[in-house]
Amino acid sequence: MNEEGVPPDDSTAGVLVRLRGLLPSLSVKERAIGDVVLKDPAGVAQLSISQVAQRAGVSDTSVTRFCRRLGLTGYPELRLGLAAAVQHAHSGWRLRVGMQGNIEHDDTAAEVVVKMAHADAGAIQDSVEQLDTSALDAASRLLAGARRIEVYGVGSSALVAADLEYKLQHLGLLCSAFCDVHRALMNAAHLRPGDVAVGISHSGRTRETLDPLREAALHGATTLALTNDGGSPITELADLVLCSAGREAPFRTGATVSRIGQLFVVDCLYVRLAQAKGCDAANSALSHAYRAVERHRTVPHDEDGTSEGKEPPCP
């Protein structure tokens, strides 16, 4: 995005976002190159391919493979992408919450709080750059017209799957989330055309998520993936892909960081879905859910046991 909040036309500006997302799945040599790039992207943009290879302790050929792993044609495109990313980072539009850097053993509580806030803000900002808004709209239309929706996710992604389930149910959609692979496979076997299966996996390689998504596709369901790696196996199983982003750092596991980006994408999807359903339909569904929960309150607002509180507005 630029200073006005519009995503840049040059996709190379997102090369650092893609690299941070792919880093855990790279080979030893590729990760060595990635570390060099992330440590000094502005400096690397000025180096020759041989100089980068020397810094990383690898061959020129390894650098070329690394570039292709990022979806680039070669090293010249990497240099252009790094230059664009550096300029983009200094454009003044990014969220700024204070100090940056990894959390150290001797950091104070105040330093930990600020660094974590910066890391979380960075995960959301990177997800903004990574997210294809056309795919987001397509996903919202797909879910709005689904007969039945199932969501698969394990580990940290199970929490995101539960959040998506909750939001879709709030809008009156028939949705179930599964974190147990046996239950997921059993239910996926009963899907059919008109149903939608959603697989959530930060790495895009989690078998417990891939297998149910594959089973759902075999029975004619449309498949949607939410992942951090746009080149991972889950994208081959999905008819539609949404990409989030997250940065790894000491004391911050990939699962922790990825969840921030995934939840952000889920929130965006929820709002677009509510808009796709129309304000009246969304308000009606939200009001039904709101009243049902209000009636369950232990202590009613009013003497007659009813609540006259304001109902939630259309997103």
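Leaving aside neighbours within four places in sequence, which residues is Ile149 in contact with? The legends below start there, on a predicted model.

**View 1. Contacts of Ile149.** Neighbours within four places in sequence are left aside. Ile149 is then in contact with Leu143, Leu168, Leu173, Leu174, Cys175, Ser176, Val196 and Val198.

**View 2. The largest nonpolar core.** This core has 28 residues. Ile149, Val198 and Leu242 touch the most other members. Two or more residues come from each of these elements: helices H8 (133–144), H9 (156–170) and H13 (254–277), and strands E1 (149–152), E3 (196–201), E4 (222–227) and E5 (240–243). H13 gives the most, with 6 residues. A second, separate core holds 25 residues, including Val15, Leu16, Leu23 and Val58.

**View 3. The open sheet of 5 strands.** The strand order is E2-E1-E3-E4-E5, and the pairing is parallel. Strands E2 (175–178) and E5 are the edges, each pairing on one side only. On average, neighbouring strands are turned by 15 degrees against each other, direction ignored.

**View 4. The parallel pair E4 and E5.** The two strands are joined by 4 bridges. Leu240 in E5 has Leu224 standing opposite.

**View 5. Helices H8 and H11 across the strands.** H8 lies across E1, E3, E4 and E5 and runs at about 125 degrees to E5. H11 (residues 207–218) lies across E1, E3 and E4. Its angle to E3 is about 165 degrees.

**View 6. Helix H1 (residues 15–22), mostly covered.** Of the 8 residues in H1, 7 are buried. They are Val15, Leu16, Val17, Leu19, Arg20, Gly21 and Leu22. Val15 and Leu16 also belong to the second core.

Technical notes: Residues numbered from 1 in each chain as written. Predicted model: local features only at pLDDT ≥ 70, side-chain atom pairs only at ≥ 80, totals over all residues. Heavy atoms only, no water. Buried < 20%, exposed > 50% of the residue type's maximum accessible area, 1.4 Å probe, protein only. Core = buried A, V, L, I, M, F, W, Y, C linked by side-chain atoms within 4.5 Å. Contact = heavy atoms within 4.5 Å. Pairing = 2+ DSSP bridges. Axes fitted to C-alpha atoms, helices over the stretch in contact; angles between N-to-C directions.
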